[in-house]
Amino acid sequence: MAALVSAALVAVTAIGGNQILQVQSIGQGSMEVSSSSTSFADGADVTVDDAAVKTQGGDGQERRVVKEFTRETPFTMFGLTWTGERDIVAYVRSHKADGSWSEWFPMDQAESVPNAAKFGTEPIFVEPTTRIQVSTGNVDLMEDGRAESEAPTTAKDLDAIFLDGGEGTAQGDIAPVAETYAQGMPKVISRAQWGAGWASHPTYTDPVSAVTVHHTAGSNNYTEAQAPGIVRGIWDYHTNTLGWGDVGYNALVDKYGNIYEGRSGGLDKAVEGAHVGGFNQNTWGVSMLGDYQKTAPTQASIQAMGEIIGWKAAVAGFDPMGKSFHTADFNFQGSRYAAGQGATFNNINAHRDFHYNTCPGDYLYNQLGAIRTIAAAKATSVKAGTDFTAPDTPRPKETVPNPNGGTTTVTAPEGSSQLQGLDLTGLAEGDPVAVAGAAGTIAGVLILFAAQYDLLPGGAQTVGGIEILPGLTLDKITPYIGPILKFAGKDEAAESWAQLEPTLGTLTGAAGVGGNSYAFFENGIAIRNSGGDVHTLVGEIADAWLQQGLDGGPLGLPTSDQYSPAQDLVRVDFQGGHIAFNPQTKAVDINVD
């Protein structure tokens with residue numbers, strides 16, 4: 001009977017053309033989420049040297065005590081909850097299978113609903129683990145066996161929540177339902193497909209006049225199979241732990257470009273979510289899985305977010321490029337606006353526009369212009385009744401052979417004809433002006449040395465709008481790194497690079513310039529930026545970064561470690577774009593934003 005009802009709804013929707021009813025009716029039902037909790041005070045008091053929050057309050061002395069939890073059953077997500085409004089800062093990191101600790105993930109405070117009984121952080125994806133450490137501020141941890149405290153918040157006031165949403169969908173794979181719900185709607189993984197459970201009756205606030213962009217924070221190191229489990233974990237935490245009756249977002253997008261139906265009630269309807277406290281009425285919330293404060297979102301995720309927002313704009317009747325006035329309907333801690341106050345916002349806006357936070361991260365925030373452009377094109381095509389095609393954005397693009405037997409493709413931004421970093425041609429030829437322009441850079445010294453010793457076969461070429469040295473590879477330059485770095489400045493902490501040797505091979509030299517440190521190995525390059533973040537580049541990606549002039553080229557410094565946004569593809573993001581490599585075809589793609 002359930003199958004017949006679902007089939008009938010699909011048929012009615014397809015024939016009607018303009019009505020979706022509820023996408024959640026298509027699929028196979030809920031999937032279990034593992035959830036457990038304990039008092040935050042039950043965690044072990046552990047002293048660490050690198051706590052995210054150095055001072056824990058109390059008598060004023062600097063403390064580096066964190067709470068550590070070890071569970072018998074593996075989990076993938078973690079949250080903190082409490083009653084009453086509290087000013088709490090929290091970070092979490094997880095213990096990896098190789099014995100190392102992950103980075104510290106900030107735990108943003110979750111949104112709220114009027115008259116909420118429970119508050120908390122958002123649930124943070126920490127990757128599969130059985131052990132975590134939590135660093136907090138404005139919380140008395142009650143260490144040293146103290147039973148009493150005059151602090152407004154102690155560890156006894158918090159609960160630790162451990163979640164695991166599993167992998168895959170109710171059908172076992174990632175397969176968005178067919179595009180039959182309404183004209184031009186992008187394919188969406190329905191609630192029943194990703195395994196949503198119960199939901200309270202939705203509240204409708206017509207009309208939807210704006211969309212707010214969020215990120216979920218936490219680790220970006222999730223697989224496509226893990227993404228539905230993250231969505232389930234968020235649903236369970238919002239619904240059952242915080243008591244919101246459903247997931248707070250109207251839709252979610254993963255880094256692979258998959259779109260997930262969020263709060264129940266119909267994607268084509270004005271369902272009020274719980275995503276931006278005080279401004280949930282007449283807005284729609286879309287969240288990207290991951291943290292985009294230090295890492296750039298994938299093009300697939302930007303495209304998917306633009307398309308679902310553009311489709312919603314066409315259905316709801318608002319201009320993706322326009323603005324509208326919104327007023328806070330209740331007070332929310334951390335909001336820029338008290339109840340009754342308002343302002344004019346972009347119709348496609350960001351969480352940080354309403355509240356004092358960094359959501360959706362600097363890198364995603366900087367892509368709002370691209371999202372608006374995609375959304376506007378999508379909305380236009382939906383209203384015109386035509387099939388959607390991505391906006392025509394011609395970009396300089398050129399492919400040349402590379403030394404590894406494959407090809408290197410360079411793609412530059414729309415409208416650019418020549419992007420200049422260092423003058424690589426001038427450096428290779430010893431031009432005095434180019435040499436002066438490269439003074440004080442590692443790349444400049446390295447390229448001058450390479451030119452002197454005939455290590456630049458073919459010299460510099462302009463490919464796709466940027467200069468590269470296609471013949472320069474790490475294995476050619478590594479034997480000379482010692483003499484080169486004598487001219488480039490000494491890295492006083494060179495010994496610390498030795499820990500990377502098991503991954504990158506023997507350390508051949510290190511140097512520091514302008515607050516950044518560089519280390520060269522047999523098989524890769526490591527960079528520590530002025531903020532202390534360390535990123536490593538290996539193989540063909542290291543060669544490609546070297547060939548465009550290291551951080552002196554248009555790409556700048558790396559902002560991520562190597563990851564796989566798709567099968568048979570590895571990628572590293574940079575300040576000005578990304579480099580991707582396909583191990584099967586040996587193809588390198590240098591993409592400049």
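The points below take the cores and then the strands.

1. This is a predicted model, in which local features need pLDDT of at least 70, side-chain atom pairs count only at pLDDT 80 or more, and totals for chains, interfaces and linings use all residues. Numbering starts from 1 along each chain as its sequence is written, and side-chain values use heavy atoms, with hydrogens and water left out.

2. The largest nonpolar core has 57 residues, and V286 and I309 have the most contacts inside it. Such a core is a set of buried Ala, Val, Leu, Ile, Met, Phe, Trp, Tyr and Cys residues joined through side-chain atoms within 4.5 Å; buried means under 20% relative accessible area (1.4 Å probe, protein chains only). Helix α4 (residues 299-316) supplies the largest share of this core, eight residues. Helices (H or I, at least four residues) and strands (E, at least two) are DSSP runs, numbered from the N terminus.

3. Leaving aside residues up to four places away in sequence, I309 touches V211, V213, V286, I348, I371 and A375, a contact being heavy atoms within 4.5 Å. Another core, of 46 residues, lies apart from the largest one and includes L469, Y518, V570 and F581.

4. Strand β3 (residues 65-83) pairs antiparallel with β2 (residues 44-47) over four bridges; pairing requires at least two DSSP bridges between the strands. A44 has E68 in β3 as its bridge partner.

5. Strand β3 also runs antiparallel to β7 (residues 124-137), with seven bridges, and to β8 (residues 159-164), with five. F78 stands opposite I124 in β7 and has F162 as its bridge partner in β8.

Definitions and conventions. Buried < 20%, exposed > 50% of the residue type's maximum accessible area, 1.4 Å probe, protein only.
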